[in-house]
Amino acid sequence: MDILGWVLVVALFIVGMAGLIFPILPGAIAIYFAFFVYGWFFSFQDLTVWFWIIQTVIFVALIVADYVVSAWGTKKFGGSKLSIQLSTVGLILGPFVIPAFGLILGPFIGAVIGELIHGSNFKQSLKAGWGALVGLLSSTLVKGILQVVMIVIFIIWIV
């Protein structure tokens with residue numbers, strides 16, 4: 001039973017980190033759920049109230065950062081609310097429509113289309129698309145760091 005517990009915990013960590021590349025995967029949720037799996041298979045006694053407080057604060061920061069940082073990039077480069085919304089749609093649909101490059105092209109194309117619909121000129125639309133990419137990459141970096149921090153805290157806590 002111990003082996004199954006560890007396999008599930010590690011698998012959830014892997015799914016969580018893969019969520020950085022495949023946004024359809026529940027990245028931070030998978031990592032957070034791994035802590036419950038550990039508790040169910042081994043013991044919740046190792047995971048104190050402080051552990052849960054720290055992890056929950058990081059988890060909430062991760063969710064907020066994901067949306068705020070992505071939107072910030074588009075807005076910082078002059079994107080409208082519509083381009084922010086369509087860059088998010090592009091982020092979700094891109095990997096399915098353009099499998100190899102959709103994660104990067106999806107938000108870019110979404111922001112450009114959003115700006116063109118909004119009435120901006122092509123140059124401004126490209127600028128908003130660039131902002132969507134900057135936001136995506138910044139958001140991914142922040143998420144990656146916070147997810148690794150969650151996993152490291154878990155490992156330190158149980159050792």
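# Exercises on a predicted helical model

The buried residues of helix 2 pack against helix 1 (2-18), helix 3 and helix 6.

## Exercise 1: Helix 2

Determine which residues of helix 2 are buried, and how the span of the helix compares with the expected value.

*Solution.* First, locate the element: helix 2 covers residues 27-41 and has 15 residues. Next, take its span. From first C-alpha to last, helix 2 reaches 21 Å, close to the 21 Å expected at 1.5 Å a residue. Then list the residues that are buried: G27, A28, A30, I31, Y32, A34, F35, V37, Y38 and G39. Finally, identify the partners of these buried residues, which are helix 1, helix 3 and helix 6.

## Exercise 2: F33

Classify F33 as buried, partly exposed or exposed, and name its contacts.

*Solution.* F33 belongs to helix 2. Its relative accessible area is 39%. Buried requires a value under 20% and exposed a value over 50%, so F33, at 39%, is partly exposed. For the contacts, residues up to four places away in sequence are set aside; F33 then touches L12 and W40.

## Exercise 3: Helix 3 and helix 6

*Solution.* Two packed helices are described by the angle and the distance between their axes. Here the axes of helix 3 and helix 6 come within 6 Å and cross at roughly 170°.

The C-alpha atoms of V142 and A65 are separated by 7.3 Å, although the residues are 77 apart along the chain.

## Exercise 4: Helix 5 and its cover

State which residues of helix 5 are buried and which helices are included in what covers them.

*Solution.* Helix 5 (residues 102-118) has 17 residues; its reach of 23 Å is close to the 24 Å expected. The buried residues are G102, G106, P107, G110, A111, V112, G114 and E115. Their cover includes helix 3 (49-76), helix 4 (81-97) and helix 6 (122-158). Just after helix 5, G119 takes a positive phi of about 105°.

Helix 4 also contains T88. At 33% relative accessibility, T88 counts as partly exposed. Its C-alpha atom is separated by 9.4 Å from that of L136, a residue 48 positions away along the chain.

## Exercise 5: The whole chain

Describe the secondary structure, extent and burial of the chain.

*Solution.* Begin with the elements: the chain has six helices and zero strands, in the order α-α-α-α-α-α from the N terminus. The C-alpha trace spans about 60 × 30 × 15 Å along its principal axes. Of the 159 residues, 40% are buried. The accessible surface is about 8,900 Å², and 80% of this belongs to carbon and sulfur atoms. Lastly, consider the contacts with a separation of 6 or more: residues 24 or more positions apart account for 66% of them.

Key
Residues are numbered from 1 along each chain as its sequence is written. This is a predicted model: local features need pLDDT of at least 70, side-chain atom pairs count only at pLDDT 80 or more; totals for chains, interfaces and linings use all residues. Side-chain values use heavy atoms; hydrogens and water are left out. Helices (H or I, at least four residues) and strands (E, at least two) are DSSP runs, numbered from the N terminus. The expected span of a helix is 1.5 Å times one less than its number of residues. Buried means under 20% relative accessible area, exposed over 50%, partly exposed in between (1.4 Å probe, protein chains only). Contact means heavy atoms within 4.5 Å. Axes are lines fitted to C-alpha atoms, for helices over the stretch in contact, and angles run from 0 to 180 degrees between N-to-C directions. Accessible areas come from the Shrake-Rupley method with a 1.4 Å probe; for residues, only the protein chains shown count as cover.
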